[in-house]
Amino acid sequence: MAERLLPTPSHTVGPFYGHALPFPDGGRMAPQGHPDAISLHGYVFDGAGTPIPDALLDFWQAAPDGSLTGAPGSMRRDPSTGGFLGRNGVDFTGYGRVPTDADGHYALHTLRPGNAGLPYISVCVFARGLTHHLFTRAYLADGPDPLLDSLPAERRATLVATEGANGSNRTYRFDIRLQGEGETVFLEFQ
């Protein structure tokens, strides 16, 4: 009889990652109380338009100065268990990890990205029913951009976050639809 290998999380339908991967303050990329902090929030929906209560989102972005180095060593660990205690609360890291809540909602507190061109935040989606994670971008503005310009208008709109009430440029809503009507554009990396 051949040896049977156990499936890894990327080969099984999860949500196993919700138990071990989130860490305290994972959605707080900006230091607490930073005057230039912005919020990106929204919902993750399945193909039927139902919010997904157990998705996990990873976020990466450039710092306000355009650098991509983050803040190595800014994650605090419990000296006795080695587990994560959360961020040090002072440094901008450029990385965040946020689970959706029971209503399928997520919230990220960060600083405006300083990348060349339009400001955007890269997003990686892990959710039940996905055997592989999905990549997309949340643009904080609309305008000339090689990726956005290559898409039809209705598909382009799925990558542009909506400014908050009264045109606030401090709060943005970015919903992610995994399939169906209004499906978010997902990127393939080779």
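I take contact to mean heavy atoms within 4.5 Å. The model I am reading is predicted.

**Entry 1: the whole chain.** I began with contacts between residues at least 6 apart in sequence, and found that 67% of them in the protein chain join residues at least 24 apart. Next I looked up the elements: there are three helices and 11 strands. Along the sequence they run α-β-β-β-β-β-β-β-β-α-α-β-β-β. I also noted the surface, where the accessible area comes to about 10,600 Å², with 55% belonging to carbon and sulfur atoms. Of the 190 residues, 38% count as buried.

**Entry 2: the cores.** I turned to the largest nonpolar core, which has 26 residues. Which of them touch the most other members? I found Leu40, Val44, Leu57, Phe59, Tyr106 and Ile176. Two or more residues come from each of β1 (37-45), β2 (56-60), β6 (105-111) and β7 (120-126). I then saw a second, separate core of seven residues, with Leu118, Tyr139, Val160 and Val185 among them.

**Entry 3: Phe59.** I picked Phe59 and left aside its neighbours within four places in sequence. Its contacts are then Met29, Leu40, Gly94, Tyr95, Gly96, Val98, Tyr106, Leu108, Ile121, Ser122 and Val123.

**Entry 4: Ser39.** My last stop was Ser39, in strand β1. Is Ser39 buried or exposed? Its relative accessible area is 19%, and buried means under 20%, so Ser39 counts as buried. Not counting residues up to four places away in sequence, I found Ser39 touching Leu108, His109, Arg170, Thr171 and Tyr172.

Key: Residues numbered from 1 in each chain as written. Predicted model: local features only at pLDDT ≥ 70, side-chain atom pairs only at ≥ 80, totals over all residues. Heavy atoms only, no water. Core = buried A, V, L, I, M, F, W, Y, C linked by side-chain atoms within 4.5 Å. Buried < 20%, exposed > 50% of the residue type's maximum accessible area, 1.4 Å probe, protein only. Helix = DSSP H or I, 4+ residues; strand = E, 2+ residues; numbered from the N terminus. Areas by Shrake-Rupley, 256 points an atom, 1.4 Å probe, with all protein chains shown as cover.
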